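Hi,

Here is the structure I said I'd pass along. Have a look first, and my notes follow below.

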Amino acid sequence: MNNLSNEYKKLNIFKTYQDLFFKSLFFVSAVISSLMIIIIILFIAQKGISPFLSNYQYGQQNIASFLTGMVWRQDQAIYGVAFIIINTLISGFASLLVAFPISVLTALFVVKIAPKPIGNLIESAIEILASIPSVVYGVFAVGFIVPFIQNLANLLRIQTAGGSSLLAVILLLSIMILPTITSISITAIKAVDIDLEKASYALGASKTQTNFKIVLNSAKSGIFAGAILGLGRAFGEATAVSMVAGNKMFGPTFNLFDITRTMTSTMLAGLKETTGLDYDIRFSVGLVLMGVILISNLAINFVKNRIGKNHA
Amino acid sequence: MKFFRLMIIGLILSLGLVGCATTDAPEETNKVTGTINVYTRDASSGTRGAFDEFIELKDKLTVSAIEVTGNGDMAVKVGEDLNGIGYVSLTTDFAANGITPLKYKGVAATEENVINKSYELARPFEFVTRASGNFSSEDQELVTLAFVDFILNSVEGREVVHAAGGIVDVDSGTAWNTLKVNHPVLSKDLSKVVLKTGGSTSVEKTLKAALEAFQALTSVQFEMNHTGSSDGFKRTLGSEKDSANAIDIGFASRYFKAEETVSLGAATGIYCMDAIVVVVNDENTLLSDSNKELIFNIFSGAITTWEDASK
């Protein structure tokens with residue numbers, strides 16, 4: 001008897017140690033992943049702020065003219081980021097405007113309307129779309145979207161730079177963020193409590209009314225999380241965008257058929273070959289980009305909280 | 001239901017637009033008229049550096065230029081843009097991209113014309129070694145001279161330089177097996193010997209290819225530390241030849257100047273040429289020849305329409 005209880009005690013101690021071990025393993029993983037963001041921000045900030053300090057080795061830059069400048073010319077060492085911020089916001093939000101409704105309606109179709117086999121087929125097609133590397137999108141854009149826009153411009157008697165344009169960037173980004181928003185919306189819509197829908201039907205609502213007023217509204221939080229991720233991808237996309245943007249040296253660009261320049265394509269262009277101020281200033285652009293993304297996310301959250309408030 | 005009907009009509013309308021755009025592009029827009037679209041590489045590109053130098057365009061490029069991401073990107077973009085003009089390296093496949101190279105001062109851009117120096121949008125990749133007897137050891141000098149022989153005269157050396165974009169006559173080279181008997185030092189164990197190179201950054205791509213090929217044949221190590229053409233002479237024979245910056249072979253992507261007395265070196269010469277070609281779209285028949293003034297005026301924005309450029 002005594003022997004048995006000893007065995008039991010041993011097992012218990014082992015279990016306690018096991019728990020403790022895994023607890024600390026999880027804790028360490030959590031610390032590492034959260035430390036990464038702090039390390040990245042600190043590193044970018046330290047590099048990005050350095051050109052504006054008085055002891056900068058390549059000559060102190062004026063932060064006001066950096067933030068308000070409308071010209072970006074590396075050859076003359078003129079670095080103004082204001083028009084690039086505006087261009088990035090325009091292309092990002094315009095592509096969100098195109099992709100968001102399509103994505104949400106697709107998700108609704110896949111989950112609530114389509115017969116199961118068709119829904120599954122579309123869902124896996126979207127998942128494949130989400131996993132395509134961005135440079136493949138870039139090649140597609142150069143080979144298909146750009147010539148298409150050139151033809152469109154010819155038809156409208158507008159001159160373009162061979163099709164490289166703001167419109168090309170918007171179309172490209174719309175296609176790229178479509179799967180991101182759709183797949184997250186699908187997850188969100190699937191998670192909506194079926195009782196809510198049943199209650200809606202019981203009150204005499206039609207299927208369409210239920211889908212738009214109950215399902216979408218309940219899945220609002222997840223759908224907007226998808227929009228935030230999509231916008232993040234649109235702002236962050238560098239490779240594909242720099243292939244079709246044309247990288248204009250001044251701006252901002254409002255004409256859909258004019259060339260444009262985004263923050264990521266600015267950071268990427270020639271990064272591997274450059275040194276000195278031209279290298280360091282890219283970190284400053286990165287810092288500004290992180291600020292832009294943060295503010296945009298807050299703005300989307302604000303919109304989310306306003307939408308459908310009267311239904312909730 | 002109204003909503004869905006509207007959506008369907010919208011869908012049909014937009015499909016119609018797509019159809020028009022791809023099939024009914026009118027013929028007459030294919031003639032090159034109006035604004036010149038100037039294409040350029042980003043400011044850190046070596047090709048752009050050379051182009052700016054040839055045309056004396058530094059800081060004067062028109063602000064409405066379109067920046068592309070690489071040599072291939074430039075070729076594709078100008079090939080797609082009837083109104084485009086840009087510049088690429090001579091090794092580019094013109095026909096495949098739909099671009100036409102312009103003559104410069106009446107001379108066609110061919111490898112032959114670059115090598116015989118009649119095509120002027122070209123620059124030499126020059127090298128110079130330390131003075132004889134002034135190397136860190138005798139083996140170091142012999143190995144350096146063996147490498148110089150390899151990059152300068154061997155078919156193998158010229159081949160890798162050519163593949164890396166340098167313009168050199170591969171066929172008139174000599175097989176390395178024939179040349180290497182002149183370098184008995186190569187039969188020693190050379191895995192501790194480190195060849196140090198420096199000077200022009202433009203030569204790095206072709207030089208690295210040659211050094212890697214040489215390393216595969218001899219097991220010699222190398223160390224590249226390139227900072228600019230003017231340091232090529234300085235660090236082998238000039239003011240820094242005995243400093244920590246000292247190197248075995250210095251490079252310049254221009255002709256050595258008269259005050260750079262490279263004849264003091266154990267070996268000096270041009271191992272390949274680098275050439276740049278101004279290109280326009282295949283449909284553009286307005287221009288076939290060019291000169292420095294015309295190119296400068298187009299790229300600086302003084303001439304903005306094809307009508308003015310072809311006058």
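What share of the contacts in chain B with a separation of 6 or more comes from residues 24 or more positions apart? They account for 75%, where contact means heavy atoms within 4.5 Å.

Before the rest, some housekeeping. This is a predicted model, in which local features need pLDDT of at least 70 and side-chain atom pairs count only at pLDDT 80 or more, while totals for chains, interfaces and linings use all residues. Residues are numbered from 1 along each chain as its sequence is written, chains are lettered from A and ligands numbered from 1 in the order written, and side-chain values use heavy atoms, leaving out hydrogens and water.

Chain B has 12 helices and 11 strands (DSSP runs numbered from the N terminus: H or I of at least four residues for helices, E of at least two for strands). Its C-alpha atoms fill a box of roughly 90 × 50 × 35 Å along the principal axes. Of the 311 residues of chain B, 50% count as buried, meaning under 20% relative accessible area with a 1.4 Å probe, protein chains only.

Over in chain A, take a look at helix H4 (residues 116-130) and helix H6 (residues 166-190): their axes come within 8 Å and cross at roughly 135° (axes are lines fitted to C-alpha atoms over the stretch in contact, with angles from 0 to 180 degrees between N-to-C directions). The contact uses Glu123(A), Ile126(A), Leu129(A) and Ala130(A) from H4(A), and Pro179(A), Thr182(A), Ser183(A), Ile186(A) and Lys190(A) from H6(A).

Cheers
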